[in-house]
Amino acid sequence: MAAYVSVGNIHAFYLAGQVHRGQSYRQDSWSSGFTFRTSPFKVPFPWSSGVPKALKSERCGCYSPGVSAISESSKPCGSIRAVSVSSSTKYYDFTVIGSGVAGLRYALEVAKQGTVAVITKDEPHESNTNYAQGGVSAVLCPLDSVESHMQDTMVAGAHLCDEETVRVVCTEGPERIRELIAMGASFDHGEDGNLHLAREGGHSHRRIVHAADMTGREIERALLEAVLNDPNISVFKHHFAIDLLTSQDGLSTVCYGVDTLNIKKNEVVRFLSKVTLLASGGAGHIYPSTTNPLVATGDGMAMAHRAQAVISNMEFVQFHPTALADEGLPIKPQTARENAFLITEAVRGDGGILYNLGMERFMPVYDERAELAPRDVVARSIDDQLKKRKEKYVLLDISHKPREKILAHFPNIASECLKHGLDITRQPIPVVPAAHYMCGGVRAALQGETNVLGLFVAGEVACTGLHGANRLASNSLLEALVFARRAVQPSTELMKRTKLDLSASEKWTRPVVATARSLGDEVLSKIIALTKEVRRELQEVMWKYVGIVRSTIRLNTAERKIAELEAKWETFLFEHGWEQTVVALEACEMRNLFCCAKLVVSSALARHESRGLHYMTDYPFVEESKRIPTIILPSSPTTASWSSRRLQNIRSSSLVDC
């Protein structure tokens, strides 16, 4: 079973015979995929099955068959040289969007078979991976077991996880860790010479491999060093992915690459490839406070949605319980942070205790696991304390532990706090929840396949079924490593049987870069200023109405306010000379933030229960009948707002005019 929801131009449905809005649909069965008696859709694969060749949906103004840059051959086609027809068009066997752990790990493997372009929005190291403190979970202790790791994952995920996906990830995880070590990643070891394994909230055993409290940075360093030394991989930094290049092949949507904006040169660069991996991270910046870097604006999820990919479980936004609360520091930062500073789960795993400002320990009141409860429980508990006591933050105290151990395990946190007059070996740390991780995303099968042919996904942008309704601590890097590796075989097989048409580049209209010359200095400045203001307003709406605790009334209010805000913004743009194909970094990020915010709100409105990260005051209990994923299906792009439409059209006289 699955839930189907509604957002903007999306047909969306929830439960058999029960619909958030619009017509009622009946579900026939789960085992053969989703089929509806009265629905125009053949709904996508269950988590554990393969991907169907076509996603059937009502499409208006769709691209007709026959416009193709890629053709399949029964004979092996081999790899192509990296080709630049011009500075604005490049051809590769594989295009990887994102330079975090998933993108880099995948690139290193597929580079053994062909040429690879890695496209990254900022500097290559600027990714969510680089900010991951805690570690990677894997069964590496004889006292631990795959079954135990699976159980912990499914309990944390409120039993919405796909069991086969969980088994695959927990089983393959240890080998992925060993591969990282072989590539030069350096993790902490204990006095006995074995890997030091930490414990975090929700885990029943010590199984977190870490490099002090900077694990992501170490993994990124090792992978990036290998990537930069690989002659088959080209890294394109400061290239913002605008939209995927797709076309219709019968009932199937096929991906041919991506259009990007070279931010430094302010020009559009088109990448055509046989296979595309989307590994672009999350969407933390739909909220005002997030642990994510500035690049996390939901670009991949929005692009995939616009390209007809199926989206799932977007209501499950994880708020990390313990981000550093600058307001509680003895010396306040002189400027506001771009992203909240994370206080890793491992602090609680090592014995950290949460207190309110009255120095009352409160977690045992909410959950028998106390500070070691899963993140959704801890975040809601802190949120409840803050609201009841009208306080701005709570305190996390690890100072009762030996000083040398604190400094050895958490040197980065200790250093950051000391900059602001706080010694964590003697004083508690002020903390507050912040948006941290998207458990939903582009729906993926067991090898990273999506319903869009030629498009694979891995990392936070993907929804694989592993996390369910709440991610278990340190399972994110693990999932990225496992799915990046699993996507390699089908990707290389597709590459080998695919021919790339080097004359295909101009079959899509090209985006046009907004400039002062085309719009005028004053107009462009006003657009950028309004966009920044609208971005802040959207973030405030999301935090106020779509935060840790929700209700139907508040979600409906959010939906209305977001629609009004988006209409105001788009109206201003298009009344001042903006056009459908015009691009600028700030505007493209804004359209992606709008798209992701609407996906989250609509998914949340569809789930009439409280499960995991999604807590509804008017549906406060878990409903067993609703233990099903939420699915968002694409439909007509012609009635959508700018944020939900692709920029490019195919140059073809046979476009369907509806």
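In strand β18, Asp 397 is the bridge partner of Ile 353. Strands here, like helices, are DSSP runs numbered from the N terminus (E, at least two residues, for strands; H or I, at least four, for helices). The model you are looking at is predicted, so local features need pLDDT of at least 70, side-chain atom pairs count only at pLDDT 80 or more, and totals for chains, interfaces and linings use all residues. Residues are numbered from 1 along each chain as its sequence is written, and side-chain values use heavy atoms, with hydrogens and water left out.

Let's follow that strand. β18 (residues 394-397) pairs with β17 in the antiparallel sense over three bridges; two strands pair if DSSP finds at least two bridges between them. Both belong to an open sheet of four strands, in the order β16-β19-β18-β17, with antiparallel pairing. β16 (317-324) and β17 (353-355) are the edge strands, each pairing on one side only.

α5 covers residues 215-228, and its 14 residues should span 20 Å, in agreement with end C-alpha atoms 20 Å apart. The expected span is 1.5 Å times one less than the number of residues.

| Cys 170 | Cys 161, 9.3 Å | 1% |

Terms used:
A disulfide is a pair of cysteine sulfur atoms within 2.5 Å. Buried means under 20% relative accessible area, exposed over 50%, partly exposed in between (1.4 Å probe, protein chains only).
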